[in-house]
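Open the model in your viewer and keep the selection tool at hand. The tour moves from one selection to the next.

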Amino acid sequence: MKLSILDLAPVDPDVSYAEAFADSVTLAQQAELHPFERIWYAEHHNMRSIASSATSVLIAHIAANTKRIRLGAGGVMLPNHAPIVIAEQFGTLASIHPDRIDLGLGRAPGTDQRTLLALHRDASSSERFPSDVVELRRLLAGEQPMMGVEAVPHAPTPPPLYILGSSLFGASLAAQLGLPYAFASHFAPDAMQQALAAYRSQFEPSDALQEPYAIVGSNVVAAESNDVAGEMQRSVMRGRVKSFLLRGQPIQSSITEDELDALVDSPQGRGITNMMRVSAVGDGDAVRSSLERLQAETDADEIMLAFHGRNAAERLAGMQLTAGAMFS
């Protein structure tokens, strides 16, 4: 089973952004001591608890502080950018770090509508996603989709493209273009099986890929005991519900754990926590069983793991415990 990591670059309470970036470096350095395939970072905006907004810059920093492991965007939200800008950024990365850079592409804005306006993009940008992917693909290959305009630098070996999605749209596009497909089952699992089936049935071979290649996501909360992992999972769910339901409200800092638990158990809270139902929670044996079951259910070629905990130390320990259970 191929395993990779999605680092959400979380910023814990009372942790600076510099410290959060240092935590991501440590996670990557420790991860490449194990046979993980890659680590991806996702573009988010206007979220104080996630530090991966400048995705290509973060990838460059991690790459400069690691040696082997592949690194990439999981993903760049292409509607937020002109394709030539992303081609320049990732052509630069792939030139500096040859054969180590991936480029996953998403159609969602990765933010709210007000921030979308601040990015000087509009909602219709997502409608150009298929043509923008094709344009980006040509630019990365050193071609000139517009006469006399090329993306400089372009690497001798361009970074491979992956289509990210949580619906049938991305599955069909990845199949049509003959590209690998990564389904966001770690936060939007509802259409997982349907999307994977559509991708595989519609797949058309390309120069990039002869057979379908599917990645699915899973959350992981791992600890030395199932009880401790359960406590960690409850804390993670409290934080997620708090960030969704109480965003921008002044009562966030004063709300009690009992009040948070009531929110988690409310209909709205269960709707949010259900988004993370593809999760492996427990000790090493429990995590291994959950991931093996997910692989059997999806026939995924690769599973991308998003590690959760109450702090960076717990996330790092969970990664180490998972590696020991899966690779030993």
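Select Asp-14. This residue is exposed because its relative accessible area is 83%, where exposed means over 50%, buried under 20% and partly exposed in between (1.4 Å probe, protein chains only). Asp-14 sits in the loop between β1 (2-6) and α1 (17-31). Its phi is near 65°, a positive value in a residue other than glycine.

A note before the next stop. This is a predicted model, in which local features need pLDDT of at least 70, side-chain atom pairs count only at pLDDT 80 or more, and totals for chains, interfaces and linings use all residues. Residues are numbered from 1 along each chain as its sequence is written, and side-chain values use heavy atoms, with hydrogens and water left out.

Now select Asn-46. Look in the loop between β2 (38-41) and α2 (55-64). Phi of Asn-46 is near 60°, again positive in a residue other than glycine. Asn-46 counts as exposed, because its relative accessibility is 58%.

Zoom out to the whole chain. Count 12 helices and 9 strands; these are DSSP runs numbered from the N terminus, helices being H or I of at least four residues and strands E of at least two. The radius of gyration is 19 Å, close to the 20 Å that the globule rule gives for 328 residues, so the chain is as compact as a globular protein of that length. That radius is taken over C-alpha atoms, and the rule is 2.2 Å times the number of residues to the power 0.38. The C-alpha trace spans about 60 × 45 × 40 Å along its principal axes. Of the 328 residues, 50% count as buried.

Next, pick strand β4, residues 101-106. Buried or exposed? Here 6 of 6 residues are buried. In a regular strand, side chains alternate between the two faces of the sheet. Ile-101, Leu-103 and Leu-105 point one way from β4, while Asp-102, Gly-104 and Gly-106 point the other way.

Strand β3 (residues 70-77) runs parallel to β4, joined by 5 bridges; two strands pair if DSSP finds at least two bridges between them. Val-76 has Leu-105 as its bridge partner in β4. Strand β5 (residues 161-165) also pairs with β4 in the parallel sense, over 3 bridges. Gly-104 has Tyr-162 as its bridge partner in β5.

Show helix α3 (residues 83-96) too. With β3 and β4 it makes a right-handed β-α-β unit: with the strands pointing away from the viewer, the path from the first strand over the helix to the second runs clockwise.

Two cis peptide bonds come next. Gly-75 lies in β3, and the bond from Gly-74 to Gly-75 is cis, with omega near 5°. The bond from Val-152 to Pro-153 is cis as well, with omega near 0°. Find Pro-153 in the loop between α5 (129-140) and β5.

Turn to the second largest pocket. Its lining includes Arg-137, Pro-158, Leu-179 and Asp-207. What kinds of residue line this pocket? The lining divides into 10 nonpolar, no polar and 2 charged.

Last stop: Pro-267, in helix α10 (residues 267-273). Pro-267 counts as exposed, because its relative accessibility is 59%.

Technical notes: 1 Å grid on protein atoms, 1.4 Å probe; cavity = no way out; pocket = protein on both sides within 12 Å on 5 of 7 lines; lining within 4 Å. Nonpolar A, V, L, I, M, F, W, Y, C, P; charged D, E, K, R; others polar.
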